[in-house]
Amino acid sequence: MAVIELEQVNKTYSGKNGAVQALKEVSLSVEEGEIFGVIGLSGAGKSTLVRCINLLERPESGHIRVEGKELSSLSGKELRLERQNIAMIFQKFNLLMQRNVLDNVCFPLEIAGVRKKEARKQALEYLRTVGLEDKAKAYPVQLSGGQQQRVAIARALASHPRIILCDEATSALDPQTTRTILELLRKVNREYHISIVIITHEMRVITEICDRVAVLHHGRVAEAGPVQEVFKNPKSKAARQLLLLKETEELEEELTDNDEEDSEESSYSDENEHIDELENKTTPYSVSETGKNSRVVSEDKGHTAILTAEKRKNLHVVRGGAHAVG
Ligand SMILES: Nc1ncnc2c1ncn2[C@@H]1O[C@H](COP(=O)(O)OP(=O)(O)OP(=O)(O)O)[C@@H](O)[C@H]1O
Ligand SMILES: [Mg+2]
């Protein structure tokens, strides 16, 4: 059964600089108990999408059904009740800084009218689930980013949700901490049978824990399906671009590791000269520069390569990061 269904959802923001259509005819469904990923580049409409799921943002047209209920038809009180089933986790953790860890986790229980002693008992249990029972008396500033996100997950659990929406929940964390938080989310998904929607711009997050994925591109769902299928045989240009970015990132990591082992001065300045020569020539290639290394991504051949002499011809150089040329 679908726990979340979006049908032909359109959302437009009107601002000083005119209207921005953030979501265009978006349709997708999240099955009960699954971990569903939504991936896209910055500005693709991911946060708008996630805020539409609990109607924090109201679309101008389309249907949003959560556990079969059409959200727009609910009264204010009914909507508030329905929202209690949906917890959110954010990139910046959003903890109450004046409260200690235990009191942060108690917060949703207090709002739900649970007595203090019982709330503390439950909160401690959730802290145990996330491996932080020894930090109950600490304040958020005394914790690392990964630990703060664990508190946020414990707090989310305390509201007994059936759905957790994560908006870039690991984007502020290093790769190792990201992995531990993703493992925790998977545990939460399995042990509490909570459906999870993960919004991210990072492919590794999708491939690591998501069952299915939707690729969002300029407000539209470019394609959707099981993670393995979508990224093994991407049909949309948007999915291919994301795949290329992932390959580039992986190669960056690999080569950065190698560079660290190899203390010899690299030919970076040499490479740089060549990059300068190449600017303004356009073909479906992109070059990323991170640290000392330059990479070439060929969109045609779908592979990533280190900058080599013969491939330096006819390249379009994009500076300051990995960009696939559209
Ligand atoms: N409150 C707002 N008012 C006007 N425009 C907005 C508002 N929120 C988002 N937008 C615009 O809607 C589009 C989608 O924004 P959104 O924040 O959903 O993207 P995103 O995919 O979450 O990006 P990021 O990865 O950078 O967080 C962007 O063009 C953005 O500028
Ligand atoms: Mg966002």
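**Figure 1. Burial of Val 101 in helix H3 of the predicted model.** Val 101 belongs to helix H3, which covers residues 101-111. Leaving out residues up to four places away in sequence, Val 101 touches Leu 127, Leu 132, Lys 135, Ala 136, Ala 138 and Val 151. One of these contacts, Ala 136, is 35 residues from Val 101 in sequence, while the C-alpha atoms of Val 101 and Ala 136 are 5.0 Å apart in space.

**Figure 2. The largest nonpolar core and the surroundings of Val 197.** The largest nonpolar core holds 77 residues, of which Val 105, Ala 154, Val 197 and Val 215 touch the most other members. Helix H5, spanning residues 145-158, gives the most to this core, contributing seven residues. When neighbours within four places in sequence are left aside, Val 197 is in contact with Ile 4, Val 30, Phe 36, Val 38, Val 50, Ile 53, Leu 165 and Cys 166.

**Figure 3. The shell of residues around ligand 1.** Ligand 1 is surrounded by 13 residues, and the closest are Tyr 13, Ser 42, Lys 46, Ser 47 and Thr 48. Strand E1 (2-15), strand E2 (18-31) and helix H1 (46-53) are the elements that each give two or more residues to this shell, and the largest share, three residues, comes from H1. Sorted by class, the shell around ligand 1 comprises four nonpolar residues, eight polar residues and one charged residue.

**Figure 4. Antiparallel pairing of strands E1 and E4.** Strand E4, made up of residues 61-66, pairs with E1 in the antiparallel sense, and five bridges join the two strands. Within this pairing, Leu 6 has Ile 64 of E4 as its bridge partner. In a regular strand, side chains alternate between the two faces of the sheet.

**Figure 5. The hairpin formed by strands E4 and E5.** Strand E5, which consists of residues 69-70, runs antiparallel to E4 and is joined to E4 by two bridges; in one such pair, the bridge partner of Arg 65 is Glu 70 in E5. E4 and E5 form a hairpin with two residues between them, and Glu 67, which lies in the turn, has a positive phi of about 50°.

Methods
Residues numbered from 1 in each chain as written. Chains lettered and ligands numbered in written order. Predicted model: local features only at pLDDT ≥ 70, side-chain atom pairs only at ≥ 80, totals over all residues. Near = placed C-beta within 6 Å. Helix = DSSP H or I, 4+ residues; strand = E, 2+ residues; numbered from the N terminus. Nonpolar A, V, L, I, M, F, W, Y, C, P; charged D, E, K, R; others polar. Pairing = 2+ DSSP bridges. Buried ≥ 20, exposed ≤ 12 C-beta atoms within 10 Å, placed from the backbone. Contact = placed C-beta atoms within 7 Å. Core = buried A, V, L, I, M, F, W, Y, C linked by C-beta atoms within 7 Å.
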